[in-house]
Amino acid sequence: MLRIAVPNKGALSQGATDMLTEAGYRQRRGSRDLQSVDAANGVEFFYLRPGDIATYVASGDLDLGITGRDLAVNSGAEVEEVLALGFGRSTFRYAGRPGETDSVAGLDGKRIATSYPGVVQRDLDAHGVKTAIVELAGAVENAIALGVADAIADVVETGTTLKQAGLAVFGEPIMHSEAVLVRKAGNGTGAAIDQLLRRLRGVLVARSYVMLAYDVRAELLEAAVELTPGIESPTVSPLHREGWVAVQSMTERADLHRVMDALYELGARGILASNIDACRL
Ligand SMILES: Nc1ncnc2c1ncn2[C@@H]1O[C@H](COP(=O)(O)OP(=O)(O)OP(=O)(O)O)[C@@H](O)[C@H]1O
Ligand SMILES: O=P(O)(O)OC[C@H]1O[C@H](OP(=O)(O)OP(=O)(O)O)[C@H](O)[C@@H]1O
Ligand SMILES: [Mg+2]
């Protein structure tokens with residue numbers, strides 16, 4: 001059986017469970033279950049704290065894990081990314097009181113509070129700055145006002161928490177993160193892992209593409225296909241109406257309305273977009 005670690009709670013938990021469910025895997029029934037078996041697919045899931053997952057996977061006890069890229073780096077565990085999963089996106093940034101601590105060089109000799117000391121130390125070393133790290137479990141934005149640190153480094157998603165604390169980001173983003181599938185560094189794959197990867201890639205494609213169908217006069221086909229090249233090649237079928245063809249092509253969701261408008265202006269009609277529920281490419 002393939003053994004896979006999944007976040008048991010927190011910012012990545014629901015996204016991970018949703019993605020595995022869409023990929024056809026049976027997930028745990030209750031939010032307190034620590035393990036579940038999907039016998040039909042030959043997979044056992046272990047629900048662990050997201051920050052611990054890279055450590056379990058690096059030890060070789062579990063084959064794969066879903067965690068945050070920032071959490072994996074922070075752990076220092078020897079894992080490698082197999083697939084980026086497109087949810088749980090965040091940036092990791094320095095922040096301080098505007099006008100007080102507002103540059104990375106200015107951190108020298110100061111105190112920085114964070115829940116991700118591994119990520120921060122790596123970045124401070126790269127900048128050649130010596131800064132005392134104050135490790136806190138959370139609500140790091142309070143650390144400056146409460147006098148335990150001069151600056152912070154934390155996950156920023158919308159920026160609302162920083163704004164409410166009167167803090168501003170400075171320096172370049174330390175890292176961009178999202179949920180990732182990891183395996184022990186140097187481990188190969190096998191048929192079972194390859195099948196899981198195909199399923200997860202199928203979910204990513206189904207989420208980011210739609211199936212676009214339209215009718216167009218045959219002489220406009222080449223111009224239309226330039227707008228909708230698809231992934232491999234569009235399907236073109238004859239229409240009963242003389243001189244017209246029907247086209248089907250996978251189109252990126254993010255681009256959908258621009259492409260539909262351009263097709264309409266070109267002369268295409270009956271332009272329909274539909275969701276893809278699942279796919280294997
Ligand atoms: N708004 C957010 N807050 C926290 N983490 C986020 C957010 N958006 C995305 N993430 C990502 O989620 C992961 C952190 O999840 P985790 O469950 O450890 O944090 P949490 O939801 O703050 O839980 P806890 O407070 O119990 O630690 C990181 O990979 C982080 O980049
Ligand atoms: O940019 P924003 O959208 O405001 O999101 C980022 C905030 O969310 C997280 O905190 P969380 O709610 O997990 O609390 P914690 O600090 O106690 O972990 C993170 O640590 C930031 O504080
Ligand atoms: Mg948190």
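In the predicted model, strand β7 (residues 111–114) runs parallel to strand β8 (residues 132–135), and four bridges join the two. Strands are taken as paired if DSSP finds at least two bridges between them; helices (H or I, at least four residues) and strands (E, at least two) are DSSP runs, numbered from the N terminus. Within β8, Glu135 is the bridge partner of Thr114. Between β7 and β8 the chain passes through helix α4 (residues 117–127), forming a right-handed β-α-β crossover, a term denoting that, with the strands pointing away from the viewer, the path from the first strand over the helix to the second runs clockwise. Strand β7 is also joined by three bridges to the parallel strand β9 (residues 151–156), in which Ala151 stands opposite Ile112.

The protein is divided into domain 1 (2–87 + 178–188), domain 2 (90–177) and domain 3 (210–275), with bounds from an automatic or database domain assignment. The centres of domain 1 and domain 3, taken over C-alpha atoms, are separated by 39 Å.

Around ligand 1 there are 14 residues, of which Gly10, Ala11, Gly68, Ser90 and Glu157 come nearest; a residue is near if its C-beta atom, placed from the backbone, lies within 6 Å. Domain 1 and domain 2 each contribute at least three residues to this shell. Its composition is five nonpolar, seven polar and two charged residues, with Ala, Val, Leu, Ile, Met, Phe, Trp, Tyr, Cys and Pro counted as nonpolar, Asp, Glu, Lys and Arg as charged, and the others, Gly among them, as polar.

Residues are numbered from 1 along each chain as its sequence is written, while chains are lettered from A and ligands numbered from 1 in the order in which they are written. For this predicted model, local features need pLDDT of at least 70 and side-chain atom pairs count only at pLDDT 80 or more, whereas totals for chains, interfaces and linings use all residues.
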